[in-house]
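Have the structure open while you read.

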Amino acid sequence: MVETFRGQPCIRLRARNGDTALVALHGAQVLSWVAAGRERLYLSPKAVFDGQSAIRGGIPLCFPQFNQRGPLPKHGFARNLAWRADSAHAEEGATRLSLHLADDERTRAWWPQAFAARVDVVLSEGQLQVECTVHNTGAVAWDFTIALHSYLQVHDIAQTRLQGLDGCARWDAVADVHSQQQGPITFAGEYDSVFAAAPAPLQLRDGVHGLEIAQSPTMGQTVVWNPGSALCARLADMPPEGHAHMLCVEAAQIDTPVRLAPGATWTGWQRLREGQQPGSAVPRLSALTVSSKGVQ
Ligand code: TA6
């Protein structure tokens, strides 16, 4: 059931309780997640839907390069290409949609490697999980970095607190300073930091609502980004006050690239769960999802 959203082909998933997710084939990008009647992701009203540009908001996938940490276009090319989707199907109380991208003449113009990538969007009641699987289909080993660059909707960034990174190593990319995080994170201006991933899920409170954010152990870093008002004003695809209503909390493997041997597969994921309160009992992350020879 492909539908059109702002001129682009998208697929809508529905959970039994009425929660929905909308996924664009462009970038395999989740554009919307509505849980308990409320949108949980931020999608810029000025996002460009031209089938080529990266879409500002939702959950972009940065692959095979994060940011400008290499020779490829910023954040790689996965978010700039149309992916192929299977039919969504039900499984164990969830709905799963798989999208695929493999090397072709377009990707090889940027990057010579032979690969097959899959994004699985798994919607269940009150929960959205995005899983990335990368497979080396070629004869030589290669490296990649990756991030799920999730734009979470917040009521007011000035009242937003992100908890759970206390004690984690931090690189402040704005000031270029390395430190250790002390306490919860609050926001007053541009914020762009890379943290060593925490061992337990994070809790986001925006003054009104809560969200629990977990990531696979294969994602070794968490990136936290808000452009602040000055940088936001310079982003052509953001409204001037857009920064006040978003926070990117990104599951990433970027400080050490993943080295993938021929035939090997790597998987990483991020899981968002609505309504968790700070201090509530949260399960530890489950074991590594998938891996195979030569991975990491
Ligand atoms: O993940 C944070 C970050 O790398 C920031 O440095 C900022 O550049 C952001 O991503 C957005 O990048 P984009 O290319 O989507 O404008």
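R69 and D255 form a salt bridge (a side-chain nitrogen of Lys or Arg within 4 Å of a carboxyl oxygen of Asp or Glu), with their closest N and O atoms 3.0 Å apart. R69 sits in the loop between β6 (61-62) and β7 (84-85) and D255 in strand β21 (residues 246-260), so the pair ties together parts that are 186 residues apart in sequence. Keep in mind that this is a predicted model: local features need pLDDT of at least 70, side-chain atom pairs count only at pLDDT 80 or more, and totals for chains, interfaces and linings use all residues. Residues are numbered from 1 along each chain as its sequence is written, and side-chain values use heavy atoms, leaving out hydrogens and water.

**Salt bridges**
- The structure holds 15 salt bridges.
- R69 is partly exposed at 35% relative accessible area, and D255 is partly exposed too, at 47% (buried means under 20%, exposed over 50%, partly exposed in between, with a 1.4 Å probe and protein chains only).
- R96 forms a salt bridge with D120, with 3.5 Å between the closest N and O atoms. R96 belongs to strand β9 (residues 94-102) and D120 to strand β10 (residues 115-124), so this pair links parts that are 24 residues apart in sequence.
- Both partners are buried: R96 has a relative accessible area of 16%, and D120 has 1%.
- D120 also forms a salt bridge with R118, the closest N and O atoms being 2.7 Å apart; R118 is partly exposed at 32%.
- A network of salt bridges links E91, R96, R118, D120 and E131.

**Fold and packing**
- The chain has two helices and 22 strands (DSSP runs numbered from the N terminus: H or I of at least four residues for helices, E of at least two for strands).
- The radius of gyration, taken over C-alpha atoms, is 18 Å, close to the 19 Å that the globule rule gives for 296 residues, so the chain is as compact as a globular protein of that length. That rule is 2.2 Å times the number of residues to the power 0.38.
- Along the principal axes, the C-alpha atoms fill a box of roughly 50 × 45 × 40 Å.
- Buried residues account for 53% of the 296 residues.
- Of the contacts (heavy atoms within 4.5 Å) between residues at least 6 apart in sequence, 65% join residues at least 24 apart.
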